[in-house]
Amino acid sequence: MIDIVLALLSTVGALSILFASIGILRMPDFYLRLSVTVKASTLGVGLLLICAAIMFPDVSVTTKAIAIIFFLIITAPIGAHMIGRAAYFTGTPLWKGTIVDELAGMYNEETHELDSEDDDDEDDDTPNIAKTEEETE
Amino acid sequence: MITLEAYFDYVILPILAISVMLVFIRLFKGPAVVDRVVALDLIITTGIGIITVYSIRSNQEVFLDVAIILALIAFLGTVAFAYYIEKQKDD
Amino acid sequence: MELLLVLILGLLYAAGVYLILRRSMVKLLLGIILWGNGANILIFVLGKITKGSPPVIDGAYKVFQDVYADPIPQALILTAIVISFGLTSFAIVLLKRVYALVDSDDLDDLNTPEEEDI
Amino acid sequence: MKSAILQTATRYLLPILLLFSFFLLLRGHYYPGGGFVGGLVASIAFVLHSFANGTENTMKILRYKPLSLIPIGLAVSAVSVTFPLLLGFPPMTGLWFEEPIPVIGMIGSALFFDLGVYLVVIGVVLTILFTIALND
Amino acid sequence: MIDNHILAPIFVQLFTAIIQLMFWRKTLTQRYLSVGGSLVGLMVAFRLFGRVKESGILTLNAANWDAPFGIVFVADLLSVTLVLLTSIACFAVSIFSSVGLSRQRMLYGYFPIFHFLIMGLHGAFLTGDIFNLYVYFEVIIISSFVLMTLGGRKAQLEGAVKYMAMNILASMFFLTGIGILYGITGSLNMADLSIRIQEVQNKALIGITSCFFIIGFGIKSAVFPLYYWLPSSYHTPPSAVAATFGGLLTKVGIYAMLRVFSLIFVPDEFTRTLLMVIAVLTILTGAFGALIKTNIRRLFSYLIVCHIGFMVGGIAMFSKIALMGAVFYLIHDIMVKTNMFLIAGLIRQLGGTMDMGKLGGLYRDYPKISLLIAIVLFSLVGIPPLSGFWPKIFLFQEAFAQHQYFYVAALIIGSFVTLYVIAKMWSEVFWKNPPTEEEIDNRFAPMPPYKKILMVLPIALLALVTLYIGLNAEAIVKVADTISTQLIDPSAYIDAVLGNKTD
Amino acid sequence: MIKNFLMNLLLSAIWVALTGSLYYTNFLFGFMLGFFILWIMNRNEADQRYFYRVPKIISFAFYFLYEIIKANVQVAFDVITPKYFFKPGIVKYPMSARTDFEINLLSTMISLTPGTLIVDISDDKKTIYIHVMYLTDPETFVRQTQTGLERRLLAILR
Amino acid sequence: MLFTVLTGLITSSLLVPFGKIIKTKWSILLPFIPVILFLFYLWHVPVIANGTNVIQHLAWVPSLGVNFDFRLDGLSLLFALLITGIGTAIFFYGRSYLKGHVYFDRFFAYLLLFMSAMLGVVLANNILTLFVFWELTSISSFFLIGFNNDSKESRNSALTALSITGLGGFFLLAGLVLAGNIADTFIISELFAQHDKIANHPLYPLIVGLVFIGAFTKSAQFPFHFWLPGAMKAPTPVSAYLHSATMVKAGIYLLARLTPALGSTELWNTTLMIVGGFTMVYAAIHSLFRTDLKGVLAYSTISALGILTFLLGIGSDQAIIAASVFILVHALYKATLFMVTGIIDHEAHTRDLTKLSGLRKVLMPVFIAALLAALSSAGLPSTFGFIGKDLIYEATLHYHHNWAIWLTALAVITNIGLVAAGFMAGIKPFTGKLPSEFEQVHLPYKSMWIPPLILALLSLAFGIFPGIVGDYFNHQTANAIAGQETSMHLKIWHGFNTVLILSLATLAAGTVVYLLNKPSRAKLAAIEQFNKISPQHIISNIANGITRFSSVYTNAIHDGYLRSYHLKIILFAELLLAYKLWLGGPIQIDFENLTPLSWYEVGIVAMLIGALYIIVTTRSRLTSVVSTSVIGYCICLLFVFYSAPDLAMTQFTIDTLTTVLFVLVLYKLPPFINFVRQGILIRDAIVALGFGVIISLIALRVLYEPNTTAISDFYGENAYLLAKGKNVVNVILVDFRGMDTMFETVVLSIAALGVYSLIKLRLKSSEKE
Ligand code: NA
Ligand code: NA
């Protein structure tokens with residue numbers, strides 16, 4: 001019984017990770033890759049950790065597993081946000097199929113400050129969307 | 001009858017290994033540094049998974065300690081890269 | 001499989017050597033780091049290596065019940081890793097200072113013909 | 001360049017990481033861990049904080065220069081190494097209290113030694129990183 | 001015989017450095033601590049030397065684990081002699097630094113790092129464990145990196161990059177060698193290794209392993225074709241630092257060779273030939289380099305290389321007489337080379353430069369200091385009966401006995417070039433009138449008298465030691481005799497370390 | 001509310017001590033038992049927030065889990081099939097969340113949901129910019145999120 | 001005897017602190033030092049004349065066999081008397097010559113040092129002790145030649161002299177050590193007994209060669225002679241003392257001293273004859289072309305030294321007797337002539353022979369001294385020089401091969417030159433008309449002209465009573481050289497024989513040459529034409545060549561490029577290791593004992609290799625840092641697989657920190673530039689792969705070796721029981737091998753301090769050192 005649960009959990013976990021890796025390889029632009037990978041991998045690893053918690057009946061192991069999941073859940077979105085922002089800021093282009101970029105022109109180039117309202121005096125409002133497939137690869 | 005050990009050895013771990021290699025292809029291709037950073041982050045996360053499975057497989061909980069460290073710290077690298085990639089734009 | 005480790009330690013040494021033969025100081029540093037990693041693996045693989053049995057005595061017992069990995073190389077490598085961290089961090093900062101002074105990380109530029117007054 | 005999300009998260013992560021680092025230090029004699037890794041994790045906690053809030057602010061939390069941790073740490077370990085000399089043993093000889101203490105286990109000179117290592121590592125890593133960061 | 005005092009020299013330096021760190025940015029306190037610590041260190045070293053000379057090899061099992069399980073510290077005569085010499089040099093350099101170094105450098109940790117360096121040297125000389133030796137080597141190189149870059153001038157940094165790269169390379173070879181050694185013997189204790197290595201069937205493997213040590217120590221001791229870091233860097237740091245480096249650092253390499261090749265890899269025919277070829281080429285390379293350098297410190301740098309060749313030749317011949325020569329030369333060289341770089345510093349204070357062309361008139365203006373310097377210079381050259389002369393007799397003797405005529409020729413050439421360049425330097429720096437067109441930047445003259453004395457005192461101190469070595473050569477010969485006996489037949493060492501277990 | 005929570009914890013600890021086995025499942029069982037007892041005991045007290053909030057949290061957890069799984073499946077499908085179904089875009093999202101904690105939790109939630117990713121928060125902490133994979137139009141997305149995830153979350157927190 | 005050596009040394013060093021005092025009237029004390037020493041040795045004359053040797057032994061470095069072994073025999077005594085006797089004259093003379101000189105004190109300090117050293121050389125009964133003093137004479141000579149150190153010429157001459165004699169010194173040391181090794185003793189008197197053992201040793205030619213180089217350089221034999229004329233830059237008292245009477249004879253002394261030990265072989269004698277013969281003729285001819293008084297004397301000195309070498313080469317009893325007498329003859333007249341030259345220089349301020357004439361009118365007593373010396377040098381009967389010349393011809397004529405006639409001819413030619421040179425120095429300046437510019441010239445202090453006059457008179461006196469001199473001094477000298485009893489009976493009159501005819505003919509011919517040979521600039525210029533083929537020129541060319549070569553060599557091998565240094569180091573390592581590997585034969589692998597292969601490992605390893613490829617090829621620094629992280633991280637996983645959790649943790653944390661550090665520093669740097677050519681990249685790649693392959697092969701070889709695990713077993717067994725820890729790695733780190741850890745934290749601390757100072761410390765340009 002436990003074996004089946006373990007097999008199931010681990011399979012789903014491993015597959016999540018596999019999807020994440022396929023995703024990061026296949027997705028056409030950086031933001032999509034980022035978007036796809038962070039959650040799937042967190043989910044996958046989380047499931048694998050639950051396997052471990054079940055496998056080792058110790059409190060300590062369960063605590064560790066929970067701790068790891070907790071850390072992943074806290075840190076993964078923050079990391080994604082940090083790197084995504086950096087990417088956007090350094091002008092990493094969006095996929096050509098992107099339909100809208102409401103962030104365009106909102107940054108203050110000097111201070112890196114981000115406005116919530118659109119100041120019309122900002123000069124550069126053109127979204128950073130790639131024209132061709134090659135631009136993002 | 002397939003044992004759980006064999007299942008881990010011949011299914012789960014290979015899947016994870018293949019995942020790592022796929023991610024590595026992205027790291028190899030880039031094109032931007034940010035892509036590579038994200039790939040690195042994913043490799044590490046996958047690695048946590050691998051360590052977890054390996055720890056189950058070898059019945060050694062001490063390896064989970066390594067996984068904790070990885071989970072806690074990998075994030076720092078990403079943050080550092082992000083921070084300085086952004087800063088680099090300034091100069 | 002030890003042979004795999006032997007393969008990568010050789011490659012690490014090779015990459016280290018290749019990088020220290022370059023002109024860039026960054027590559028020099030990377031080369032040294034890789035070489036250091038190679039040395040660590042070498043020490044590791046030449047001890048008695050074992051899979052899945054760390055040299056930690058099981059909670060309930062006072063001595064090992066089973067085979068365990070040779071702890072000495074591990075301790076040595078740990079020391080070596082920490083030492084190379086010290087060296088590397090100093091070297092990285094040295095690189096920073098050199099870059100600030102010479103405005104390049106090209107090692108070939110590091111030849112002020114006669115010494116300045118110290 | 002500051003991120004509000006990171007700042008908030010660090011507020012929770014800093015104590016967790018510090019706690020964890022101390023845990024690693026104490027259990028090192030029994031499980032993987034020890035002064036080195038403990039010290040590294042602790043310093044990573046502060047480094048993270050400095051990324052989120054700026055190095056100046058982290059220095060304020062620390063109150064003292066990380067550099068001053070180095071002599072303290074070195075002194076702790078050096079004294080724990082030389083202390084056995086006073087009792088007529090060779091330096092570094094492990095001295096242990098008779099009874100184990102809960103959570104930590106056996107208390108002995110090795111623990112003080114590891115504590116010194118822990119402090120030195122924190123001092124070293126923070127000195128290096130903060131000096132560079134503040135100088136940029 | 002087990003003795004807790006063995007570690008005293010190390011701990012004196014360690015605690016001196018730690019306490020100095022606690023007085024961060026209080027340079028006056030640090031100066032007092034430095035001189036005081038060095039003095040205590042010197043006394044401790046004297047005491048240890050006396051004990052070992054009287055009662056033979058002493059050992060100490062750190063952490064109370066019997067060898068080969070713990071780290072053992074061994075004080076044989078070679079070790080304590082080097083510890084003593086290092087302590088003397090440390091004392092002299094410490095005094096010199098306290099007046100000869102800019103306050104800025106003191107503010108940023110010169111003194112603690114200097115004492116860490118000395119501690120590393122003591123450790124390297126005293127440890128009986130090969131990996132522990134590696135750790136001390138790292139202490140030495142990292143502190144030397146820091147000392148070399150302290151001040152951060154362009155030339156310094158340029159020198160430091162090269163110095164650093166190649167010294168790390170040396171450590172890598174050394175570490176690789178240790179790894180292999182552990183792989184084939186499962187031990188790290190040098191005395192234990194000495195026994196276990198004989199049980200290894202695969203002799204070719206031992207030969208391979210020894211190569212790593214030859215290369216590692218070869219880089220450290222700056223032998224041909226591995227010496228490049230030395231002339232690339234030794235002319236750049238402050239003189240007090242250069243003195244420590246010039247006197248002691250390459251000698252650690254020689255020490256390590258002596259230790260490892262007497263204890264673990266007793267040189268076979270191939271190794272001896274190889275070392276001899278290296279020695280001859282080192283002497284010639286150093287000599288050729290010294291011939292063309294006009295900067296005093298660059299000149300001294302090449303002389304270091306040249307004279308390292310003398311010692312390596314002694315090791316290559318590996319007989320009692322040859323080792324006596326090498327050891328005697330080592331003793332002489334530490335004192336003289338340290339002093340040479342202090343002298344270079346003093347000359348710089350007097351004349352504002354180290355370029356021989358721009359210097360001059362020192363004999364006219366400072367006759368007594370000049371004569372003091374002359375003593376050191378002549379010792380370096382090996383004018384009999386000064387210290388550099390005696391070891392050459394042994395080396396010549398053994399070279400003839402072993403028909404090493406290339407080495408004889410190299411010895412003659414090396415000695416001659418040393419004589420020539422030193423005489424030329426004397427003529428340029430001391431005799432010649434200074435070139436009139438340039439204004440001399442004399443920083444010595446305006447110093448208060450106590451500073452002048454403190455600056456000359458260490459040079460005089462070391463000169464006295466050198467004179468002692470030369471004039472009372474008998475004492476040194478006896479020491480060298482004992483050392484070389486212990487090196488040729490390490491059984492006393494092994495017994496002292498493993499004694500209780502072998503029987 | 002805090003008092004009730006602490007009481008609940010104490011009860012579960014006693015349960016663990018009584019049964020003598022420190023497992024998470026046992027602890028969880030003790031917690032539920034304690035919650036039930038407390039609920040019974042406090043039915044007439046004025047402050048019932050604790051007993052409402054706990055079920056809310058649980059239901060939110062299930063809601064969130066469902067969303068994640070749903071989105072995950074969607075993304076997974078898109079990843080492994082050759083054709084791209086997504087229409088990505090970066091959307092400006094005005095938050096109702098105000099405190100740092102709320103903002104953080106919200107952004108974590110959004111980021112953890114596959115298909116959405118926080119790119120940045122404006123410096124006045126009023127707006128977040130979200131990269132969305134499956135975007136019909138920005139307004140719909142903003143409205144759905146405001147009424148769905150954010151409302152449920154704030155309901156627990158406030 | 002030791003005290004005689006030490007007296008000079010001690011007084012010399014006393015002059016350092018008391019230099020000021022000795023510049024005053026107390027300087028009168030100085031000459032009494034040689035006087036006392038002279039009397040001491042004079043007192044020994046009767047004892048030695050009996051054939052007894054005085055021996056003294058004082059231990060110094062007994063383990064090396066280097067002791068204060070002194071032995072006074074005929075040879076030593078003659079030299080000791082010369083050193084102290086002529087020393088006395090020079091001290092009196094020099095005290096006046098340098099009166100008021102700023103560095104008066106230094107001058108005498110050097111001179112005293114020299115005197116001691118020279119006494120040490122001739123008294124030492126131990127070859128190494130002899131060598132010690134030998135080198136001291138070179139050094140004191142260096143200081144004396146460079147005494148006028150303002151002058152570049154002086155400095156260069158001093159350097160040349162030191163270089164030549166110094167180089168010779170090292171050869172000599174080698175030779176002496178070798179001889180001592182073979183004979184198993186460094187004691188000279190014991191060496192004599194080993195003569196046959198040494199002479200029959202296969203290395204005998206080497207010994208002789210090395211010793212000869214030492215002796216020839218010191219005694220200015222061709223082709224090393226040229227430093228001697230240069231040495232004339234020294235103040236004249238120095239020239240008189242060192243460079244004519246004593247130091248240059250140290251080489252002759254050495255040859256004489258070692259003759260019983262090394263001599264009497266074909267090699268020894270022939271070489272000495274050839275070198276001495278060539279030198280004496282060459283220098284005699286050269287002396288005739290000089291216009292500088294000191295130049296004439298320098299070359300005639302070289303010639304005289306050549307004669308002595310030549311005589312020792314002949315080696316017969318007569319030759320040895322001749323040599324023993326000629327040493328004294330030459331010392332007396334040459335010292336006189338030098339002192340006379342000094343007076344002329346001092347008073348007339350020139351030494352130019354083309355200008356000097358008629359000085360007898362103003363310097364009569366000096367002229368008498370000069371004349372007597374010149375006549376002695378010419379070998380006029382009734383002077384001591386006549387006896388000397390007689391003996392020389394006697395020796396050449398009785399040479400046992402049919403070469404006698406040729407040897408005699410050489411001697412005659414040399415002596416004709418010497419006659420003329422003696423006249424040029426001793427007579428020419430005083431005869432003729434007194435030019436107006438010299439009318440103001442007057443006699444110097446008595447202490448300057450009396451010493452040469454006394455020496456000159458001694459030349460005369462010894463010539464008249466040769467028997468006494470011979471019996472008391474030279475007989476035992478000759479015995480010492482020959483190592484056996486010689487039949488010496490010096491007589492003023494040998495009867496009318498070939499020798500006498502030759503002597504008279506020489507005198508006549510010399511006079512004719514003198515009269516015909518007017519010194520002139522033109523002739524000097526003419527002989528300087530030959531400078532291009534002179535040994536000085538050739539040797540200085542060689543020296544320049546060596547310097548040029550050094551420059552090329554040093555700059556080629558130490559070219560300033562770190563990567564080229566690395567390449568050389570790596571290539572050296574590869575060659576060495578590859579050779580050793582090849583010696584070890586084929587590599588075996590024991591597949592039985594390997595851990596099983598698993599696919600996840602392969603995945604990780606493949607990724608690691610890929611990351612390596614990226615690092616090696618990428619042009620983005622950040623990418624290379626990312627890839628380095630990947631590598632560190634893969635290694636971390638491998639550590640997990642192979643049971644090293646502590647290592648994995650540390651590796652990963654440190655790797656992350658390194659990455660952070662790198663990023664912190666690197667973000668400012670521009671991308672890599674492809675600096676080098678394709679060919680170099682390929683070369684480096686081959687070198688690098690070669691190194692990797694070698695290391696891997698070595699690792700495989702080690703893997704095959706059985707593991708010895710006694711120590712790790714001990715740790716495993718006792719970690720908990722004795723050291724109270726269960727994580728054995730940690731127990732090793734903090735207990736078993738805690739010392740490593742202690743000092744590793746020190747390494748870290750130093751690195752941190754270094755980083756701190758590197759970044760914070762900026763020296764102000766005013767702060768140096
Ligand atoms: Na092995
Ligand atoms: Na092995």
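How many Å separate the centres of domain 1 of chain F and domain 2 of chain F? We get to that in the first view. This is a predicted model, where local features need pLDDT of at least 70, side-chain atom pairs count only at pLDDT 80 or more, and totals for chains, interfaces and linings use all residues. Residues are numbered from 1 along each chain as its sequence is written, chains are lettered from A and ligands numbered from 1 in the order in which they are written, and side-chain values use heavy atoms, with hydrogens and water left out.

**View 1. The two domains of chain F.** Chain F is split into domain 1 (2–47) and domain 2 (50–157); such bounds come from an automatic or database domain assignment. Taken over C-alpha atoms, the domain centres are 33 Å apart. Where the domains meet, eight residues of domain 1 of chain F are in contact with four residues of domain 2 of chain F (contact means heavy atoms within 4.5 Å). About 560 Å² is buried between these two domains, with carbon and sulfur atoms giving 77% of that area. Buried area is the accessible area (1.4 Å probe) that two parts lose on being put together, summed over both. On the domain 1 side, Asn4(F), Phe35(F) and Trp39(F) lose the most area, together 62% of what that side buries.

View 2. Helix α1 (residues 2–26) of chain A meets helix α2 (residues 33–58) of chain B, with axes that come within 11 Å and cross at roughly 165°. Helices here are DSSP runs (H or I, at least four residues), numbered from the N terminus. Axes are lines fitted to C-alpha atoms, for helices over the stretch in contact, and angles run from 0 to 180 degrees between N-to-C directions. So α1(A) and α2(B) are roughly antiparallel (angles over 145 degrees count as that, and under 35 as roughly parallel). Ile17(A), Ala20(A), Ser21(A) and Ile24(A) touch Val38(B), Ala39(B), Leu42(B) and Thr46(B).

**View 3. Two helices inside chain D.** The axes of α1 (residues 4–27) and α2 (residues 35–53) of chain D come within 8 Å and cross at roughly 170°. That's why α1(D) and α2(D) are roughly antiparallel to each other. The contact includes Leu13(D) and Phe20(D) from α1(D), and Val41(D) and Phe46(D) from α2(D). By class, it has 16 nonpolar, seven polar and no charged residues.

**View 4. Helices α9 and α13 of chain G.** Here α9(G) and α13 (residues 266–287) pack at about 30°, their axes 11 Å apart. That makes α9(G) roughly parallel to α13(G). Among the residues that meet are Phe212(G) of α9(G) and Trp268(G) of α13(G). The contact holds nine nonpolar residues, one polar and no charged.

**View 5. Two cis peptide bonds.** In chain E, the bond from Pro384(E) to Pro385(E) is cis, with omega near 5°. Pro385(E) sits in the loop between α16 (367–381) and α17 (389–401) of chain E. In chain G, a cis bond joins Phe222(G) and Pro223(G), with omega about 5°. Look for Pro223(G) in the loop between α9 (204–218) and α10 (227–231) of chain G.

Definitions and conventions: Angles under 35 degrees count as roughly parallel, over 145 as roughly antiparallel, 65 to 115 as roughly perpendicular and the rest as oblique. Ala, Val, Leu, Ile, Met, Phe, Trp, Tyr, Cys and Pro count as nonpolar, Asp, Glu, Lys and Arg as charged, and the others, Gly among them, as polar.
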